[in-house]
Amino acid sequence: MQRIAEIIRYSRENKIALLSHINHNNMQGSHKHIFNARVLLSIESPAELCRFLEMPMADLEAIMNVPEYRHYTVSKKRGGTRSIYAPEKQLKKIQKRLNYFMQAWYLWIKPNEVHGFVINPHYLGSHCNIAANAAVHTGKKHILNIDLKDFFENISAKSVKKLFASPYFNYCEQIAVALTLLTTCEAKLPAGAPTSPVISNFICLTLDAQLRTFCGENGLQYTRYADDLTFSSDHIISYDTVLDIILLIKNNGFRINVKKLRLQASGRKQTVTGLTVNEKVNVDRKLLRKIRAMLHDLQTNGIDEASRRHFMKNEEFSSGMKNRFISRLGGYISFVGQVRGKDDPVYRKFFEQSSLVPIWIRGS
C-alpha cells in the first residue's frame with residue numbers, strides 16, 4: 001500500500017489510476033470501496049456533481065443557497081450543553097451519500113493511529129474502535145490524555161474548502177465551494193451532520209502526521225479517537241514534552257480542553273477512551289457494577305420501578321422510559337462483549353440474564 005505522502009502528491013487522475021491498479025491486483029480490500037473512492041475523485045464539473053448526488057441542478061443550488069438545519073442542544077455528561085445541527089431531509093440525504101463515498105476514500109489513506117469515525121476498516125485487515133485504540137497503550141509507565149475542545153466547531157468552512165481543493169481531492173473552485181456549502185453551517189463544521197466526522201478525519205491528517213513524527217522522535221505511542229488524543233510511553237512523559245504536544249496541536253488550529261487533560265502514572269488506574277489499560281484492555285468496574293445493579297433491579301422490582309430509579313424520575317411510568325432503559329442496558333452489555341470478548345464469563349452471564357428481559361416486559 002502506498003504511503004499517504006506518496007498518494008497525495010498524485011494528480012486526481014493518477015489517484016484514480018492507483019485505485020484501479022489496486023482493484024486490478026486484488027489487494028486486501030473491497031472492490032466496492034475502491035470503486036466508490038474512484039467515483040468520488042472523478043467529479044470534475046457541477047453537472048457531474050449533480051449526477052453523483054442524483055439531484056437536478058436547480059434543486060441542488062437551492063439547497064446550497066439556503067441549507068436548512070434544525071438546531072437543538074443536548075446535555076453533556078459532565079455538565080454544560082452541546083449544540084446539534086440536524087440537516088433537513090434532502091440535505092441529510094446528500095450528506096449521507098457524500099459520507100459514504102468519502103469514507104471509502106479515507107479508508108485508503110487513513111493513518112494507523114486513527115481509530116474513530118472510520119467505517120469498515122476490516123476490509124484492510126484492521127479494526128477501529130475504542131478497544132483497539134486503548135490496546136496500543138496497555139502496560140505503559142505514563143499515559144497522557146488530551147481532549148480537543150469544541151472539535152467540530154473549531155473546523156471552519158474556510159478549512160473545509162481548503163481541504164476539497166487540496167491534493168487529497170484536487171477539486172476545482174466550483175466543486176470545492178459547492179461541497180463546502182453542502183457540509184458546513186454558520187461557517188463551521190456542524191455537529192449532527194453525517195459528513196462532519198469523516199471531514200474532521202481528513203482535516204486532521206496533517207495533525208496526525210506531525211504527532212506521529214513527534215512521537216517517533218520522542219519514544220511515545222500515539223492514537224486518536226475522534227477528539228480524544230492519547231500518548232503513552234515506557235518512560236516518564238516530561239512536562240516539556242506535554243507542552244510541545246499542546247503547542248503542536250494549537251498550531252494546527254485546535255484548542256485543548258484543559259479540564260480533561262490528564263497525565264496518568266502506572267501506579268494508579270490508567271484509562272483510555274473510558275477503558276482501563278494498566279495490564280490489559282478492560283471495562284471500568286463502575287460500568288460492571290452499574291449493569292449488575294440494573295439487572296438486579298429489573299429482576300427484583302420490575303421494569304416500571306427499575307426504569308424510574310435508573311432515570312431518577314418520580315412521574316408515572318411510561319413506555320418511552322421503559323424502552324430507553326432496555327436499550328441502554330442492552331448497549332452496556334454489548335459494549336462489555338466488544339471489549340472483553342463474547343466468550344468472557346462476565347459477558348456471558350450478563351447476556352443470559354438480559355435474555356429474560358422480553359419476558360419481564362410482556363409481564364409488566
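**Overview**

What share of the 364 residues of the protein chain counts as buried? The figure is 45%. Buried means under 20% relative accessible area, exposed means over 50%, and partly exposed lies in between (1.4 Å probe, protein chains only). This is a predicted model: local features need pLDDT of at least 70, side-chain atom pairs count only at pLDDT 80 or more, and totals for chains, interfaces and linings use all residues. Residues are numbered from 1 along each chain as its sequence is written, and side-chain values use heavy atoms, leaving out hydrogens and water.

The protein chain has 16 helices and 10 strands. Helices (H or I, at least four residues) and strands (E, at least two) are DSSP runs, numbered from the N terminus. Contact means heavy atoms within 4.5 Å. Take the contacts in the protein chain with a separation of 6 or more: residues 24 or more positions apart account for 66% of them.

Helix 6 covers residues 89–109. The expected span of a helix is 1.5 Å times one less than its number of residues. Glu88 caps the N-terminal end of helix 6. A side-chain oxygen of Glu88 lies 2.9 Å from the backbone nitrogen of Gln90.

Gln103 sits in helix 6. Gln103 counts as buried because its relative accessibility is 6%. Which residues does Gln103 touch, not counting those up to four places away in sequence? They are Phe117, Val118, Ile119 and Val198. Gln103 and Ile119 are 16 residues apart in sequence and 6.5 Å apart in space, C-alpha to C-alpha. The side chain of Gln103 also reaches the backbone oxygen of Phe117 at 3.2 Å.

**Helix 12: two sides**

Helix 12 covers residues 239–251. Its 13 residues should span 18 Å, and its end C-alpha atoms are 18 Å apart, which agrees. In helix 12, Thr241, Val242, Ile245, Ile246, Leu248 and Ile249 are buried. Seen down the axis of helix 12, the buried residues fall within an arc of 160°, so they line one face of the helix. The arc is that of the directions from the helix axis to the C-beta atoms. An α-helix has 3.6 residues a turn, so residues three or four places apart point the same way.

What do the buried residues of helix 12 pack against? Their partners are strand 3 (142–149), helix 11 (205–217), strand 5 (228–233) and strand 6 (255–256). On the other side of helix 12, Tyr239, Asp240, Leu243 and Asn251 are exposed. Just after helix 12, Gly253 takes a positive phi of about 90°.

Strand 5 is mostly covered, with 6 of its 6 residues buried. Asp228, Thr230 and Ser232 point one way from strand 5. Leu229, Phe231 and Ser233 point the other way.

Two strands pair if DSSP finds at least two bridges between them. Strand 3 and strand 5 pair in the antiparallel sense over 6 bridges. Here Asp147 has Asp228 of strand 5 as its bridge partner. Strand 4 (residues 221–225) and strand 5 also pair in the antiparallel sense, over 5 bridges. Arg224 has Leu229 of strand 5 as its bridge partner. The hairpin of strand 4 and strand 5 has 2 residues between the strands, and Ala226 takes a positive phi near 60° there.

**Salt bridges**

A salt bridge is a side-chain nitrogen of Lys or Arg within 4 Å of a carboxyl oxygen of Asp or Glu. The count by this rule is 11. One of them joins Lys269 and Asp284, with the closest N and O atoms 2.8 Å apart. This pair links distant parts of the chain, 15 residues apart. Lys269 lies in the loop between strand 7 (262–265) and strand 8 (271–272), and Asp284 in the loop between strand 10 (282–283) and helix 13 (285–311). Lys269 is partly exposed at 46%, whereas Asp284 is buried at 14%.

Glu186 forms a salt bridge with Lys188, the closest N and O atoms being 3.5 Å apart. Glu186 is exposed at 55% relative accessibility, but Lys188 is buried at 17%. Glu305 and Arg308 form another salt bridge, also with closest N and O atoms 3.5 Å apart. Glu305 and Arg308 are 3 residues apart in helix 13, so about one helical turn separates them.

Methods
Polar contact = N/O pair within 3.5 Å; in protein donor to acceptor, adjacent residues only side chain to side chain.
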